[in-house]
Amino acid sequence: MTKTITDVICPFCGTLCDDLEVEVSDDGKKIEDVYNACVIGAAKFLHSQASDRVTRPRMQQPDGSYKEVSYDEAVEYTAKMLANSKKPLMYGWSSTSCEAQSVGHEIAEQVGAIVDNTATVCHGSTLIAVQDVGIPSCTLGEVKNRADRVIFWGCNPCHAHPRHMSRYSIFPRGFFANKGHKNRKMFVIDPRVTDTAKMADYHFQIEQGRDYELLSAFRVAIRNEWLPDTVAGIPKEKIYEAAEILKSGRFGIIFFGMGVTQSLSKNHNIDNAIMLTKDLNEFTKFSIMAMRGHYNVTGSGQVLGWQFGFPYCVDLSRGFARYNPGETSSNDLLRRGEVDSVFVLGSDPGAHFPISSVKKFSELPSVAVDPHITPTTEVAKLHVPVAFVGVEVGGNCYRMDNVPIEARKVVDPPEGMLTDEEFLSRVNKRVKELMEAKK
Amino acid sequence: MTKLVLNLISGRTIQQGVAMEHGKEKEEYRKACGIIELDPSDLKKLGAWRNTNVRVTSPYGNVVVKAVEATQGPHPGLGYIPMGPWANSVINPNTYSTGMPTFKGVPVEVEIALNEPVLSSIELVQKKCRGEA
């Protein structure tokens, strides 16, 4: 007989679905099946059971091959690397629990590290914009119950947040939006005809990189002021029409993603999107929300925020917290060669940083803590496999709307494997001893 | 040989997400991300059949990927490589003091590279780091 565990949290994207059901074997050791999850979430649970999973730390040898080492040796190497560095970079933090992040920050404070999370290549520009102009936001519950105008700007939830539309933004029947998607007008702004765009009532196939112009045009159209014939490839009639529909709603929401944060205007795109939201509030109620990627990147921002006052790019090397994206951000530091070791946990910069940054990373002393084999672990000097948070160990996570949700443990990790938090706690203890000895 | 000039963007696809969770060292990940999605009209301009290996070159690097027909098109003039080491070999790493590399909107040239292989993610990153690719 199998057992079914209900209300399981999905540790993949920022939607943080909390209605998964996982069927485990009678002895509670093996995951048999996953229900309610999207295809990516199910893959995450089932991959944790893979027979070829690495279960012990591996150290890179001079010939490039990897040799198995014990967790004790891994803790010793990591602690010494961090304690002996002048300016270590501690990057990642988005695929782990808030508890583990907190221990990591304690280490960073002692060794004078720079702590940066994956927002640096994701919604970092959003965070800058929020500091510049503020943000009128809401929770996903409000969207589900109220939203009748939904804009997806530069994001493709069909692929990146597969259950977002069915759980919160388009399809569910809410208290005020009681006819589900029939109550809602869906707008998509994207240079491709994405699968999300194919579902939309209105798709604006914008010229890539011209989001700032189109956002400005919307702000103009809302006031019924003059527009040129086309803006960013969109005829002005369509913009005026959309502006009227947006104004006539009772509750609107703009979801935005990498299409605006990673194009050339970066944080200025978001500034303008937030100001558009503000302008729309003169006519109706409007909110705006970032489509956060990793399941706990929001949590990393929260924990860094309450501990040091800044959500990412926190430089502790001078003994107090400094923040200056462009200077204290991972890619700038790596490319300029300003760090002398790198510790990565819960992220894969090897696959998701520009190759010039990865090259610098590969030349430095480095530790990668990750349950998977990734391009990062294969260029790092030490790979420490750990238990999957949200599958093999619980912990606190933040959804994209800043709602904290406690992830649940479903099965035990393979025997003898440490969790992120256990590994970090042991490194923390050893770092303390080494720093004491230095004094 | 014909060189096609395009504007390149990258981003997530659901195939990329699934393959990533199955393991980035696996063949599935290379098949999901070691591709460039081109509009049918651009494939025609290039003179390439679907599923031909091509070399993508930008001012910041180059990489060999498989040219496939756009799944979320039409988008003439725009190339799409799913996020991953292949896209990151050619995107613009400059952050212009924001901390954010310019992952979208990179001018690239695409040319047919019939006999060059699409490397696996691990091999690609290791070779790029050693300066061999």
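**Entry 1: chain B**

I began with the contacts inside chain B, and found that residues 24 or more positions apart account for 74% of those with a separation of 6 or more. I note at once that I am reading a predicted model, not an experimental one. For the secondary structure of chain B I counted 5 helices and 6 strands, and along the sequence they follow the pattern β-α-α-β-α-β-β-β-α-β-α. The radius of gyration of chain B is 14 Å, close to the 14 Å that the globule rule gives for 133 residues, so I wrote chain B down as being as compact as a globular protein of that length. Its C-alpha trace spans about 35 × 35 × 30 Å along the principal axes, and 56% of the 133 residues of chain B count as buried.

**Entry 2: helix H5 of chain B**

Next I looked up helix H5 of chain B, residues 121-130, where 7 of the 10 residues are buried, so that this helix is largely enclosed by the rest of the structure. The buried residues of H5(B) are B:Ser121, B:Ile122, B:Leu124, B:Val125, B:Gln126, B:Lys128 and B:Cys129. What do the buried residues of H5(B) pack against? I found H15 and H16 of chain A, together with helix H2 (27-33) and helix H4 (85-88) of chain B. Just after H5(B), I noted that B:Gly131 takes a positive phi of about 75 degrees.

**Entry 3: where the chains meet**

**Entry 4: chain A as a whole**

I then turned to chain A, which has 17 helices and 21 strands. With 439 residues, a compact globule would have a radius of gyration near 22 Å, and the 23 Å that I looked up for chain A agrees with this. The C-alpha trace of chain A spans about 70 × 55 × 35 Å along its principal axes, and buried residues make up 59% of the 439 residues. Among contacts in chain A between residues at least 6 apart in sequence, 67% join residues at least 24 apart.

The domain assignment divides chain A into domain 1 (3-47), domain 2 (58-121 + 295-438) and domain 3 (124-290). I looked up how domains 1 and 2 of chain A stand to each other, and their centres, taken over C-alpha atoms, are separated by 26 Å. In this pair, 17 residues of domain 1 are in contact with 15 residues of domain 2. The elements that give two or more residues to the domain 1 side are strand E1 (3-8) and strand E2 (20-24) of chain A, and by class that side has 11 nonpolar, 3 polar and 3 charged residues.

**Entry 5: a sheet and a helix in chain A**

I traced an open sheet of 9 strands in chain A, in the order E5-E4-E19-E18-E17-E6-E7-E15-E16, with mixed pairing. Why is one side of E5 and of E16 left without a neighbour in the sheet? Strand E5 (66-68) and strand E16 (322-323) stand at the edges with a single partner strand each, and therefore one side of each has no neighbour there. At the E16 end, 2 bridges join strand E15 (residues 314-315) of chain A to E16(A), and the two run antiparallel; here A:Val314 stands opposite A:Tyr323.

Helix H12 of chain A (residues 267-280) has 14 residues and reaches 20 Å from its first C-alpha to its last, close to the 20 Å expected at 1.5 Å a residue. I noted that H12(A) is mostly covered, with 10 of its 14 residues buried, among them A:Asn267, A:Ile270, A:Asp271, A:Leu276 and A:Leu280.

**Entry 6: A:Asp412**

Last, I looked up A:Asp412, which lies in the loop between strand E21 (404-407) and helix H17 (420-438) of chain A. A:Asp412 is partly exposed, with 14 other C-beta atoms within 10 Å. Leaving aside residues up to four places away in sequence, A:Asp412 touches A:Lys29 and A:Glu392. I also noted that the C-alpha atoms of A:Asp412 and A:Lys30 are separated by 8.5 Å, although these residues are 382 residues apart along the chain.

How values were computed: Residues are numbered from 1 along each chain as its sequence is written. Chains are lettered from A and ligands numbered from 1 in the order in which they are written. This is a predicted model: local features need pLDDT of at least 70, side-chain atom pairs count only at pLDDT 80 or more; totals for chains, interfaces and linings use all residues. Two strands pair if DSSP finds at least two bridges between them. Helices (H or I, at least four residues) and strands (E, at least two) are DSSP runs, numbered from the N terminus. The expected span of a helix is 1.5 Å times one less than its number of residues. A residue is buried if 20 or more other C-beta atoms lie within 10 Å of its own, exposed if 12 or fewer, and partly exposed in between; C-beta atoms are placed from the backbone. The radius of gyration is taken over C-alpha atoms; the globule rule is 2.2 Å times the number of residues to the power 0.38. Two residues are in contact if their C-beta atoms, placed from the backbone, lie within 7 Å. Domain bounds come from an automatic or database domain assignment. Ala, Val, Leu, Ile, Met, Phe, Trp, Tyr, Cys and Pro count as nonpolar, Asp, Glu, Lys and Arg as charged, and the others, Gly among them, as polar.
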